[in-house]
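Here are my notes on the structure. They are set out as numbered points, to be read with the coordinates open.

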Amino acid sequence: MLRKVIALAALGLALTAGPAAAATHPEHPHQLGWSFQGPFGKFDKAQLQRGYKVYREVCASCHAMNLMYFRNLGQKGGPFFDEKYPNPNDNPYVKALAAEIQVNDIDSETGDTIQRPATSADRFPSPFPNEAAARASNGGAMPPDLSVIIKARHDGPNYVYSVLTGYANPPPGLTVAPGQFYNPYYPGDLAAYWKGDHHSVPKGGFIGMPPPLGTGKVTFDDGAPSTVAQQAKDVTAFLTWASEPKMEERKAFGLAAMIYLLLFTVLLWFSYKRIWRNVAH
Amino acid sequence: MSGHSTYEPKTGFERWMDMRLPILRMAHDTAITFPTPKNLNYWWTFGGILAVMLVVQIVTGIVLAMHYVPHVDYAFASVERIMRDVNYGWLVRYMHANGASMFFIAVYIHIFRNLYYGSYKAPREVLWILGCVIYLLMMATAFLGYVLPWGQMSFHGTVVITNLFGALPIVGEAITTWLWGGFAVDNPTLNRFFSLHYLLPFMIAGVVALHIWALHVPGNNNPLGINVKSKEDTVPFHPYYTVKDGFAIALFFILFASFVFYNPNILGHPDNYVPANPLVTPTHIVPEWYFLPFYAILRAVPDKLGGVLLMFGAIGVLFVLPWLDTSKVRSMRYRPTARLYFLIFVLACLVLGYCGAKLPDDPVIPGVTSFQLVDADLNSFVWLSRIAAAYYFAYFVLILPILGLTETPLPVPDSISAPVLSHPATTPAGAVASPEKRG
């Protein structure tokens, strides 16, 4: 049966020289080792701090993080957590970071729209007042909210890192529209823009975001080298934390739960053996 | 519940209660003394696992409902707020989301165990039909629940599934509008789906009570598929099966915990962490894994109405299964031919699930183009789904009816104790039996 199917398939292949479906897939993301991987993985606090700086100085000019509050930066497991300040709203570092940012508010006396320095209770402000404004400033593309971006993509950390570092010169024969950038890790179908052989359509897609990172673009306070790879790694770690701020708590709880369940299971196994010892079954 | 009650009220209060509402007697007879075949294997522990999972889902669900906001503008953010700002909200939400998958893993094993050991046959037809009702309610509940986070898959999945009703002639459009509460999937849809998602689990709990009642009248089937003959064949439910089920439940919870704590999002789709946007359709709309076999059957039919009918037919056929299977021998241990067809059936279900996750026109063997058959290349997932779906239905409407009349079953042991005493869990060579005495 199987042999017949294979034979028929081969025959069909020989007879129909029809074009193969040209759906291209993006390049497989780089597989990096992350500190937060695995059942015992933890975030690297220094990396999260650097990553926040990259987000604040680079990404935040276009990307909102609507689910994030400044207080989150100082909560347990966060980049600026300090044991002296169990209430993150009191954390002076968080307060100072918040105060660097202006947020919109309403003057309670006059009702006028005003701007004031953010407090730790404030949400990260959006760079654009609305979606239309965001699209207008970005050639029609909407910069996605980054709050849960890592959970919202397959193989999130590796994907985000690969897109950030993966910009490449378009291969000759690929027409790139103005305001578009070729990225082999970004999903898309380039067949319509490809002049060459339809069996070798380049992998990847067009992204509306210009290469955001650059050597020396962010100065790290801890002296870490400001390379594109370093910036991409750090901001990815920060975004992973932002997507799953309770990850460390979850894994720690999980370890205790697993030990408890294992002991309980062993206990039940011996109870089972003992209770059934006189029953032939 | 059935047979003679051995409950003896010991205290004054128990005697008082027993005269008025014999609820303690009922609990005693169902959960303590209930005579249970002593040869039940681990496949029988999934009933207890399912009961526990139902409780887990209801308890976590009630807590989630305290924090969730059923509104298109707030639903997504409220779910994330549960994960970020509610104490142990991440635990409750991940338990609920992964608990649904665990529930389906357990129910599928429970159903396959039933099919293999012929538990649906007389006198357990009503028990089986109640189980099918529970399964239908579970699917409805799971679908409604997946809508609530209001991510991209929630929204577009809802559009696809609710549009299925639109395929019905004449009334289709009216039904769809009625389901939506408007002319598109929108806030009224989310609101009513939340309401129904809260209602259905309690209906499931009600049918589960009937299911257990219907189990306790004829009693458990068992791996030999023969009736209990004497007291020798059974042990009281407690402590024998409370401890065995307890052990299996604890093992199952280790699996459950490994998802909740270490891979909480692996069974979900990343697109559901993108807030719903009616204007952007995901490239690839796929349901949760437990619906994939039915999704494959739906897409296997080129006609929309035909696909819908066949998909519901795949569940409908289960309801009449007790009357389709003509074999009087329950357990497939004694039906070697049927066992082979059963294994292929399990394989067909897995293949359907695999096809459901793939694009219909993609080749099964990459890079090979065979020839166009009707509407698609033969080397495509749509044709693989058709083959597997054909087998799925053939198993119920052709193989089981015919096989029961033509096959020669192996000799069935006389009693549960007979083979048990000589050699555990296998048929003794000298077991006396004749297929004529089957049942």
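1. Start with the crossing of α11(B) and α12(B), which is right-handed. This is a predicted model. Helix α11 covers residues 292-300 of chain B and helix α12 covers residues 304-319 of chain B. The two pack at an angle of about 145°, and their axes are 7 Å apart. From α11(B) come F294(B), I297(B), L298(B) and R299(B). They meet G307(B), V308(B), L310(B), M311(B) and A314(B) of α12(B). By class, this contact has 7 nonpolar, 1 polar and 1 charged residues.

2. Helix α14 (residues 336-356) of chain B packs on helix α15 (residues 381-406) of chain B at about 150°. Their axes are 9 Å apart. Angles over 145 degrees count as roughly antiparallel, so α14(B) is roughly antiparallel to α15(B). The crossing of α14(B) and α15(B) is left-handed.

3. Which residues make the contact of α14(B) with α15(B)? On α14(B), they are T337(B), A338(B), Y341(B), I344(B), F345(B), A348(B), C349(B), V351(B), L352(B) and C355(B). On α15(B), they are F381(B), L384(B), S385(B), A388(B), A389(B), Y391(B), Y392(B), Y395(B), I399(B) and L403(B). The class count for this contact is 18 nonpolar, 2 polar and no charged.

4. Now chain B as a whole. Chain B has 16 helices and 4 strands. Its radius of gyration is 24 Å, close to the 22 Å that the globule rule gives for 439 residues, so chain B is as compact as a globular protein of that length. Along the principal axes, the C-alpha atoms of chain B fill a box of roughly 65 × 65 × 45 Å. Of the 439 residues, 41% count as buried. Take the contacts in chain B with a separation of 6 or more: residues 24 or more positions apart account for 73% of them.

5. Look at T158(B), in helix α7 (residues 152-164) of chain B. Is T158(B) buried or exposed? The cut-off for buried is 20 or more other C-beta atoms within 10 Å. T158(B) has 22 C-beta neighbours inside 10 Å, so it counts as buried. Not counting residues up to four places away in sequence, T158(B) touches V147(B), V185(B) and T189(B). The C-alpha atoms of T158(B) and L190(B) are separated by 9.6 Å, and these two residues are 32 residues apart along the chain.

6. I285(B) sits in the loop between α10 (237-262) and α11 of chain B. I285(B) has 17 other C-beta atoms within 10 Å and is therefore partly exposed. Leaving aside neighbours within four places in sequence, I285(B) is in contact with H156(B), G157(B) and V160(B).

7. Two cis peptide bonds deserve a look. One joins A122(B) and P123(B), with omega about 5°. P123(B) lies in the loop between α5 (89-117) and α6 (125-147) of chain B. Another runs from H238(B) to P239(B), with omega near 5°. P239(B) is in helix α10 of chain B.

8. Check two phi values as well. Y88(B) is a residue other than glycine, yet its phi is positive, near 55°. Y88(B) is in the loop between α4 (75-84) and α5 of chain B. With 14 C-beta neighbours inside 10 Å, Y88(B) counts as partly exposed. V374(B) is not a glycine either, and has a positive phi of about 55°. V374(B) is in the loop between β3 (372-373) and β4 (376-377) of chain B. V374(B) counts as exposed, because it has 9 C-beta neighbours inside 10 Å and the cut-off for exposed is 12 or fewer.

9. Last, the contact between the chains. It takes 37 residues from chain A and 35 residues from chain B. Which elements give two or more residues to the side of chain A that touches chain B? They are α1 (2-15) and α7 (247-275) of chain A. α7(A) gives the most, with 15 residues. By class, this side of chain A has 24 nonpolar, 8 polar and 5 charged residues.

Notes
Residues are numbered from 1 along each chain as its sequence is written. Chains are lettered from A and ligands numbered from 1 in the order in which they are written. This is a predicted model: local features need pLDDT of at least 70, side-chain atom pairs count only at pLDDT 80 or more; totals for chains, interfaces and linings use all residues. Two residues are in contact if their C-beta atoms, placed from the backbone, lie within 7 Å. Ala, Val, Leu, Ile, Met, Phe, Trp, Tyr, Cys and Pro count as nonpolar, Asp, Glu, Lys and Arg as charged, and the others, Gly among them, as polar. The radius of gyration is taken over C-alpha atoms; the globule rule is 2.2 Å times the number of residues to the power 0.38. Axes are lines fitted to C-alpha atoms, for helices over the stretch in contact, and angles run from 0 to 180 degrees between N-to-C directions. Angles under 35 degrees count as roughly parallel, over 145 as roughly antiparallel, 65 to 115 as roughly perpendicular and the rest as oblique. A crossing is left-handed if the near helix is turned anticlockwise from the far one by less than a right angle, and right-handed if clockwise.
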